[in-house]
Amino acid sequence: MRRTQRARRARRARRAGPASAPPRGNAGRGRWRPSSRLPARAVSGARAIVHCATDPRREVKVLSRLVEAAREAGVHHLVYLSIVGVDRIPFPYYKAKFAAERLLERSGVPWTIQRATQFHDLVASLTTAQRRLPGVVAPAGFRFQPVEVTEVAHRLAAAVRGEAAGRVPDMGGPRVHTAHELAELTLRSAGRTCRVRDLPLPGRTARAFRQGHNLAPDLATGTVTFAEFLAAREARGGRGGSTQADRAPAPSRPSKVARASCKGTGDPL
Ligand SMILES: NC(=O)c1ccc[n+]([C@@H]2O[C@H](COP(=O)([O-])OP(=O)(O)OC[C@H]3O[C@@H](n4cnc5c(N)ncnc54)[C@H](OP(=O)(O)O)[C@@H]3O)[C@@H](O)[C@H]2O)c1
């Protein structure tokens, strides 16, 4: 079995807990194959659903299966978590999220769509994912407004307690930073000194990011700053993030080039 598959299964098993663990309240756990129908009984009895699962290659298909089941089961409210700028940034995953939004709006199931800016751990992973490389680059001219995922979760919890509200105001983190600043903060929090080089990226997606379509500066309702996120993560003993890149195994020792260009404690980023 490939290492990535093993890691995914192990993660799933950890999340699922002991096989005999009963679901809490009327919450349930499960995984369905988007290629087949999701039976209505999987969601029957649920007044509302918050849809946070994501499958970048089949975002629309996964949501359409859930919508079919929700409609059949008479679910009163489906809350969908989306991303700020999906309608303006032609990144394939964002285009799929926007198509999923459209599908939900036309589904006949009462809906709420909450868009959020990038989560802290995703933004940190843009730097940590480069730990095998000789240096660190940041996309030139990009800015991010990272938000604390638990604050987004609270927003979703409030949404699901209420009635379907359509497209609600976007949610952004407290500050807008350049990608360069965020890379430097991430490096510093890991005790590394590494020069960050700005990498100009071509194409329409990069232009849309440079234009700031991923930002919501007037809706900066998150309170936890990126620096606070990093400090809390370090206090927990390192990365502790939840993205694929953050979970990637650290190299046993940095390469000669990495040692030459990145000085620090010797810990992985
Ligand atoms: N990350 C960000 O910066 C950000 C910002 C704004 C909005 N969002 C949105 O927030 C949501 C969560 O993002 P994330 O970055 O936290 O994603 P993530 O870490 O990749 O987690 C996605 C989850 O979806 C589960 N999943 C995928 N297909 C499934 C299926 N068929 N059945 C059951 N579970 C399934 C995955 O389970 P396995 O691990 O078992 O595969 C995983 O737990 C997404 O809708 C994303 O677009 C993310």
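Which residues does A73 touch, not counting residues up to four places away in sequence? A73 touches A40, V43 and S44, where touching is contact, meaning heavy atoms within 4.5 Å.

## Model and conventions

The structure is a predicted model, in which local features need pLDDT of at least 70 and side-chain atom pairs count only at pLDDT 80 or more, while totals for chains, interfaces and linings use all residues. Residues are numbered from 1 along each chain as its sequence is written, and side-chain values use heavy atoms, with hydrogens and water left out.

## Overall make-up

The chain has 10 helices and 10 strands. Helices (H or I, at least four residues) and strands (E, at least two) are DSSP runs, numbered from the N terminus. Of the 269 residues, 40% count as buried; buried means under 20% relative accessible area, exposed over 50%, and partly exposed in between (1.4 Å probe, protein chains only). Among contacts in the chain with a separation of 6 or more, 82% come from residues 24 or more positions apart.

## Nonpolar cores

A nonpolar core is a set of buried Ala, Val, Leu, Ile, Met, Phe, Trp, Tyr and Cys residues joined through side-chain atoms within 4.5 Å. The largest one has 23 residues, and those with the most contacts inside it are Y94, V136, F142, F144, V196, F209 and F226. At least two residues of this core come from each of α3 (92-105), α4 (120-128), β4 (136-139), α6 (179-189), α7 (204-210) and α8 (226-235). Helix α6 gives the most, with four residues. A second, separate core has 16 residues, including L38, V43, V67 and L104. In soluble globular proteins, nonpolar side chains tend to be buried together.

V196 of the largest core is in contact with V136, V137, A138, H180, A183, E184 and L187, leaving aside its neighbours within four places in sequence.

## Helices α2 and α3

Two packed helices are described by the angle between their axes and the distance between the axes. Axes here are lines fitted to C-alpha atoms, for helices over the stretch in contact, and angles run from 0 to 180 degrees between N-to-C directions. Helix α2 (residues 59-73) packs on α3 at an angle of about 20°, with the axes 8 Å apart. The two helices are therefore roughly parallel; angles under 35 degrees count as roughly parallel, over 145 as roughly antiparallel, 65 to 115 as roughly perpendicular and the rest as oblique. Their crossing is right-handed, a term used if the near helix is turned clockwise from the far one by less than a right angle, with left-handed for anticlockwise. On the α2 side the contact is made by E59, V60, L63, S64 and V67, and on the α3 side by Y93, A96, K97, A99, A100, L103 and L104.

A73 also lies in α2 and, at 25% relative accessibility, counts as partly exposed. Its C-alpha atom is 6.6 Å from that of V43, although A73 and V43 are 30 residues apart in sequence.

## Helix α6 and its partners

Helices α6 and α8 pack at an angle of about 25°, with axes 10 Å apart, and are therefore roughly parallel to each other. The crossing of α6 and α8 is right-handed. L182, L185, T186 and S189 of α6 meet F226, L230, R233 and E234 of α8.

The axes of α4 and α6 come within 9 Å and cross at roughly 80°, which makes α4 roughly perpendicular to α6. V123, A124, T127 and T128 of α4 form this contact with L182, A183, T186 and L187 of α6. L126 is also found in α4 and is partly exposed, with a relative accessible area of 40%.

## Helix α5

Helix α5 (residues 149-161) has 13 residues and should span 18 Å at 1.5 Å a residue; its end C-alpha atoms are 19 Å apart, which agrees. The expected span is 1.5 Å times one less than the number of residues. The buried residues of α5 are E151, V152, L156, A159 and V160, and they pack against β1 (48-51), β2 (77-83) and β3 (111-116).

## The loop between α7 and α8

G212 is placed in the loop between α7 and α8. At 13% relative accessibility, G212 counts as buried. G212 and G141 are 71 residues apart along the chain, and their C-alpha atoms are separated by 9.1 Å.
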